[in-house]
Amino acid sequence: MTNVISLGFADGKIKDFDLGKKKVVRQAKLHPGSKVVALASRGRHLVSASQDGRTIIYDCSRMQEERELELSEANIGVPIDLLLMEDESTLLVSDRTGIHPIDISTGAKREEYYPGKANQMTKLSVRNKEG
């Protein structure tokens, strides 16, 4: 599908909108009872996280849930943002404490990305024109 964007909603649904056809082409209620707070997609995978901490790996080609990750077991809070890496096996999860690389097949942190520093995030300063 080209020109399709996935959006998460407060009712726990994920909807795929075809921008060319201006209509919903697919939807799934992956997070019943909880607000969707972050989405990431790459290849055949869509990853969604909800306010209750559930993170779902969805296989778009088969249109079914592949697995659920329990991020709290890896001491990760409610996700703020997600990024599925090019290898489609590593998920970067940001929460209030930092950025955490996660192996999506096991749910474990991937320390080899940032040895010993998976929970540390560099603070960046952004200056506007006024200084």
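**View 1. Strands β2 and β3 pair in the antiparallel sense.** Six bridges join β2 and β3; two strands count as paired if DSSP finds at least two bridges between them. Strands are DSSP runs (E, at least two residues), numbered from the N terminus. The model is predicted: local features need pLDDT of at least 70, side-chain atom pairs count only at pLDDT 80 or more, and totals for chains, interfaces and linings use all residues. Residues are numbered from 1 along each chain as its sequence is written, and side-chain values use heavy atoms, with hydrogens and water left out. Ile14 has Ala28 of β3 as its bridge partner.

**View 2. An open sheet holds three strands in the order β1-β2-β3.** The pairing is antiparallel. β1 (4-8) and β3 are the edge strands, and each pairs on one side only. From one strand to the next, the twist averages 20 degrees; axes are lines fitted to C-alpha atoms, and angles run from 0 to 180 degrees between N-to-C directions.

**View 3. The largest cavity holds about 60 Å³ of space.** There is one cavity of 30 Å³ or more. A cavity is a set of points, on a 1 Å grid over the protein atoms alone, where a 1.4 Å probe fits but cannot get out; lining residues have an atom within 4 Å of a point. Grid points are joined across faces, edges and corners, and a volume is the space filled by probe spheres set on the points. The lining includes Ser6, Asp16, Arg26, Tyr58 and Cys60. Ile14 and Ala28 also line the largest cavity. β3 provides the largest share, three residues.

**View 4. Strands β6 (residues 54-59) and β7 (residues 64-70) form an antiparallel pair.** Six bridges link β6 and β7. Asp59 has Gln64 of β7 as its bridge partner. The hairpin of β6 and β7 has four residues between the strands. Met63 takes a positive phi near 55 degrees in this hairpin.

**View 5. His100 sits in strand β10 (residues 98-103).** His100 is buried, with a relative accessible area of 0%; buried means under 20% (1.4 Å probe, protein chains only). The side chains of His100 and Asp95 are joined by a polar contact of 3.0 Å. Another polar contact, of 3.3 Å, links the side chains of His100 and Thr97. A polar contact is a pair of N or O atoms within 3.5 Å; within protein, one must be able to donate a hydrogen and the other to accept it, and residues adjacent in sequence count only if both atoms are side-chain atoms.

Definitions and conventions. Buried means under 20% relative accessible area, exposed over 50%, partly exposed in between (1.4 Å probe, protein chains only). On a 1 Å grid over the protein atoms alone, a cavity is a set of points where a 1.4 Å probe fits but cannot get out, and a pocket is an open set with protein on both sides within 12 Å along at least five of seven lines; lining residues have an atom within 4 Å of a point.
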